[in-house]
Amino acid sequence: MADFITALNRNPLTGRLAKALGLPNPVELARCEAGYDAAPFAAKRIVLRAAANGYAEAALLAALRSGGGAPLAQPEEEKIDIVVFDATGCATPADSRALYETFHALARKLAVNGRVLIVAALHEAGADPVALAAARGVEGFARSLGKELGRKGVTVNTAYVARDAVQRLEGVVRFFCGVQTTYVSGQAVSVTSTAAAPAHLPYSAALAGKVALVTGSARGIGLAVAQRLLQEGAQVVCLDVPAVEQELQQTCSRIGASALALDITADDAPARLSAYFREHFGGLDILIHNAGITRDRTIANMTQAQWEQVVSVNFAAITALDGVLMNDGTLRDGGRVVCLSSISGIAGNFGQTNYAYTKAALTAYVAAQAGRLGKRGICMNAVAPGFIETAMTAKMPFLMREMGRRLNSVQQGGQPRDAAELITFLATPGAYGLTGNTIRVCGQGLIGA
């Protein structure tokens, strides 16, 4: 659905009126309709800085150069596209001065749709309390900086990296400093060596030869994910309920995917899926748990059936499918699993106790599974979308819809493609440093931040 206020601002006849009324005038966010570029930083003006005594600067420089970038020794008056800062050396209150000095000098120089990535130390439990606190302070700094710069379409994210995982930063740098992160800001991820490394790290046609399943993919975010995975070379199976089989078949025919009509809550669904992928593809590499439903009522008015329906689809079916596909070897070593959580699961939402329960459960589920799957090279993460422009949000009352669009740092709703970009990145071999994370794609929403 069209953004009414944005349309007013960009119409020559109504733009002055919108400005006079003080209506938000969000910038046009940078997006890319193509697949991954092997050299995404080739034409970018980049600044790389570091606090003293850090351990990630060399790996960050290598990642930028691998992506075609050449960090500037001394930035001049031109706008800067990307700032990468190694804060792994920030271990005391005094060390924070390096953060201040760098961004005090560079904040005004960041271009519209610029990118900032700050890398902090990931300390083990029992580490020096001051060093732990200093590292966590970096995250607070980054979140606040994101809110200061968000109106320019600038994203600011934090990556906590373990000392033994710095060589896993390249994929993280490519995503969080790239155009694909346009609606992902204010996030903090952990980069670890939990999962075994893949043998090959492609950064274009990144999913060639991979087989993917996307549940709930007849429309909306699921469809966008399927299209994006196909764009990177994956063979994609789109699954949805039998009630929309005709629509699913038509969609898959149009985009070049395989259609599978199946109720994932059926008792035999896990076994049927296992048999299907073994017979047709020899196994499965990427599993996207996108299917989900809402049955919104306040808890006092919610029926037991409405509770059970949501829990069954959004949580129980996922664990049942995983219990078979992971344990019988259908999901191959080196696989990727992404669960769709929600802002509702992080912050709660009126009338959604059932939905929020399931979405919060998934964040703990992926964190717990990560360590168990790491030896097989399987990475499992969750993605929590905020306000995404879909058929569902188009049905919201006007004022509620406008609030959803504006209550984030970039002052606008996201597109299904924005969620698909994050999910696709997490499905790639290059995301092998990320597992057990829950990452929001919400334009740095102000609720639950």
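Predicted model: local features only at pLDDT ≥ 70, side-chain atom pairs only at ≥ 80, totals over all residues.
Colleague: Good. How many aromatic pairs are there in the structure?

Modeller: The structure has 9 aromatic pairs. One of them joins F103 and F141, with 5.6 Å centre to centre and 55° between the planes.

Colleague: Why is the pair of F103 and F141 called tilted?

Modeller: At 5.6 Å the rings of F103 and F141 pair, and at 55° they are tilted. F103 belongs to helix α4 and F141 to helix α5, so this contact ties together parts 38 residues apart in sequence. Ring pairs also bring F85 into a cluster with F103 and F141.

Colleague: What makes the pair of F175 and F425 stacked?

Modeller: Stacked asks for planes under 30 degrees apart. Between F175 and F425 the angle is 5°, with the centres at 4.7 Å, so the pair is stacked. F175 sits in helix α6 and F425 in helix α15, 250 residues apart.

Colleague: Are F175 and F425 buried or exposed?

Modeller: Buried is the word for both: F175 has 3% relative accessibility, and F425 has 4%.

Colleague: How do you know that R174 lies over the face of Y203?

Modeller: The distance part requires CZ of Arg within 6 Å of the ring centre, and the direction part requires it within 35 degrees of the ring normal. R174 is at 4.4 Å from the ring centre of Y203 and is assigned to its face. R228 lies over the face of Y36 likewise, at 4.7 Å from the ring centre.

Colleague: Now the sheet. How do you know that β1 and β2 pair?

Modeller: At least two bridges are needed. β1 and β2 share 5 bridges, in the parallel sense, and L48 has V84 in β2 as its bridge partner.

Colleague: Which order do the strands take in the open sheet?

Modeller: The order is β1-β2-β3-β4-β5, with parallel pairing. β1 and β5 each have a single partner strand, so they stand at the edges.

Methods. Residues numbered from 1 in each chain as written. Heavy atoms only, no water. Helix = DSSP H or I, 4+ residues; strand = E, 2+ residues; numbered from the N terminus. Phe/Tyr/Trp six-rings, centres within 6.5 Å; stacked < 30°, edge-to-face > 60°. Buried < 20%, exposed > 50% of the residue type's maximum accessible area, 1.4 Å probe, protein only.
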